[in-house]
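Let's take a friendly walk through a protein model, one part at a time. Keep the 3D view open and look for each part as it comes up.

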Amino acid sequence: MLSRFVRPSLFAQTLNLKRPLTLAKQTRSLATVDGNTPRVPPNPPRTRATPVSHDRATFTIRDGPVFNGKSFGAKSNISGEAVFTTSLVGYPESLTDPSYRGQILVFTQPLIGNYGIPSDTRDEHGLLRYFESPNLQAAGVVVADVAEQYSHWTAVKSLGEWCAEEGVPAVSGVDTRAIVTYLREQGSSLARITIGEEYDADQDEAFVDPEQINLVRKVSTKAPFHVSSASGSSHVAVIDCGVKENILRSLVGRGASVTCFPYDYPIHKVAHHFDGVFISNGPGDPTHCQDTVYHLQRLMETSQIPIMGICLGHQLLALASGARTIKLKYGNRAHNIPALDLTTGRCHITSQNHGYAVDTSTLPADWKEYFVNLNDSSNEGIIHKSRPIFGTQFHPEARGGPLDSSYLFDTYLESVGRYKRNQAVLRPMREERPSPLLVDLLAKERVGVVPTTGMENLLRMGNAGEEAARAA
């Protein structure tokens, strides 16, 4: 079974076949799911990419206004899609959310950074306790006022120190009310952050549109990894389009071990080894993920396995069903958006972060709308009429809250349990728990995911400097 999950080259790398094995160190005969080595991924100490910059900073919207402020992050010039969030708290979780890859995040909350940045400690599952991914994901940060002095018992550094460490530029002292007013009227727009330089209108041609890039490829794991649960026997396959740590925690904490696959992995070929399939959140335009859509189509054609999708995963599920997605004018990014459950009539306050939505008028006859946004009437969920398949546009796992809709994980895992029991009757020789060999051999953390745009720019500049030094 294991050969279906990983390529032979990965086996060779994992087992280190080019060197003799030491039996005492390499034996796997006693490996078990409950007693396997705790999930403690390598965590090398980080060195600050640049000192915190306090230079002049310019935030420029293409074909729009220019805002002058002060830098408090990395000395790095970037461009991306300018979007805004009205969330009052949870900036460490928001900025590490892979769904923000390629975007410049504007906070409407006037003061940001007052409780600092916590450490990258891990919980009992080996998942990051305070972050949604190992790195800062947004391309840039814009705030009205930054708190350089912070106070919180979990804090170990300031927001500015963290941005500099991660190579992400940040701007304060600008009128975020005027920025948000412009973005609401004109829609999400391309923008630039320039540190220590005067604005040059001729540079408008240099704006980079992240929507033209397959951002999911950048944030998805490049090889499968596994997170074990000691409290249950279910095994869920997660399609990692940029999965948040708290999605994994929400599954593992409810008794489901998870194996995460790259976004374009042919999941339909291995789904019979699992009790459920889950499609994660992620950044960018869902139509870039055509391989994922095809594999989901094949999965729904060949299997009755329960499926749940969140955010981008919800959109990919809709595309696989035959529906279409649309680009919203400025999207929904907040922690207080009301969503109506059309099956019960109950309203939930939800956390959201998306710029695309499902066009429910294109849903096939065997699907129906599940949730609707009470602010703008956009779609917030779809559900299959006869099969255990559904998706939500909002985030029921929201680490910064609210948790009104977290019960949806229970709903999903109840269907996973029913499927598992049915399979035990139909296929009595099917493995009851994840293979101990699979658990031991697979990585315990995302594999090969590169840092965000700001860090990439710094790495390129560093490499160019080294090459110039060698040439000299």
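This is a predicted model: local features need pLDDT of at least 70, side-chain atom pairs count only at pLDDT 80 or more; totals for chains, interfaces and linings use all residues.

Strand 2 (residues 66–71) and strand 10 (residues 170–172) run antiparallel to each other and are paired over two bridges.

As background, strands of a sheet pair through backbone hydrogen bonds, and the pairing can be parallel or antiparallel.

## A strand covered on both faces

Now turn to strand 21 (residues 389–392). Are its residues buried or exposed? Ile389 and Gly391 on one side are buried, and so are Phe390 and Thr392 on the other, which leaves both faces of strand 21 covered.

Which strands pair with strand 21? Strand 16 (residues 307–310) runs parallel to strand 21 and is joined to it by four bridges; here Met308 stands opposite Phe390. Strand 20 (residues 379–384) pairs with strand 21 in the antiparallel sense, over three bridges, and Gly381 stands opposite Thr392. Strand 20 and strand 21 also make a hairpin, with four residues between them.

## Salt bridges across the sequence

Next come the charged side chains. In general, side chains of opposite charge can pair when their charged atoms come close. How many salt bridges does a search of the whole structure find? The search finds 15.

One of them links the side chains of Asp123 and Arg249, at 2.7 Å from N to O. Asp123 sits in the loop between strand 6 (117–118) and strand 7 (140–142), while Arg249 belongs to helix 7 (residues 245–252), so this pair ties together parts that are 126 residues apart in sequence. Asp123 counts as buried, because its relative accessibility is 10% and buried means under 20%. Arg249 is buried too, because its relative accessible area of 12% falls under the 20% cut-off.

## A network of charged residues

Another salt bridge joins the side chains of Arg446 and Glu245, at 2.9 Å from N to O. Arg446 is in the loop between helix 11 (436–441) and helix 12 (453–471), and Glu245 is in helix 7, so the pair ties together parts that are 201 residues apart in sequence. Arg446 counts as buried at 12% relative accessibility, and Glu245 counts as buried at 0%.

Arg446 has a further partner: its side chain meets that of Glu445 in a salt bridge of 3.7 Å, N to O. Both Glu445 and Arg446 are buried. Through salt bridges that share partners, Arg122, Glu245, Glu445 and Arg446 are joined into one network.

## Two cavities inside

A search of the whole structure also finds two cavities of 30 Å³ or more. The largest cavity has a volume of about 140 Å³. Its lining is made of 17 residues, and the closest to the centre are Ser94, Asp97, Lys244, His335 and Ser351. Helix 3 (91–95) and strand 18 (347–359) each give at least two residues to the lining of the largest cavity, and strand 18 supplies the largest share, three residues. Sorted by class, the lining of the largest cavity holds two nonpolar, 10 polar and five charged residues.

The second largest cavity holds about 120 Å³ of space. It is lined by 16 residues, with Ser99, Gly282, Gly284, His354 and Gly355 nearest its centre. Helix 9 (312–321), strand 17 (324–341) and strand 18 are the elements that give two or more residues to this lining. Which of the elements gives the largest share of the lining of the second largest cavity? Strand 18 does, with four residues. By class, the lining of the second largest cavity has four nonpolar, eight polar and four charged residues.

How values were computed:
Residues are numbered from 1 along each chain as its sequence is written. Side-chain values use heavy atoms; hydrogens and water are left out. A salt bridge is a side-chain nitrogen of Lys or Arg within 4 Å of a carboxyl oxygen of Asp or Glu. Buried means under 20% relative accessible area, exposed over 50%, partly exposed in between (1.4 Å probe, protein chains only). On a 1 Å grid over the protein atoms alone, a cavity is a set of points where a 1.4 Å probe fits but cannot get out, and a pocket is an open set with protein on both sides within 12 Å along at least five of seven lines; lining residues have an atom within 4 Å of a point. Grid points are joined across faces, edges and corners, and a volume is the space filled by probe spheres set on the points. Ala, Val, Leu, Ile, Met, Phe, Trp, Tyr, Cys and Pro count as nonpolar, Asp, Glu, Lys and Arg as charged, and the others, Gly among them, as polar. Two strands pair if DSSP finds at least two bridges between them.
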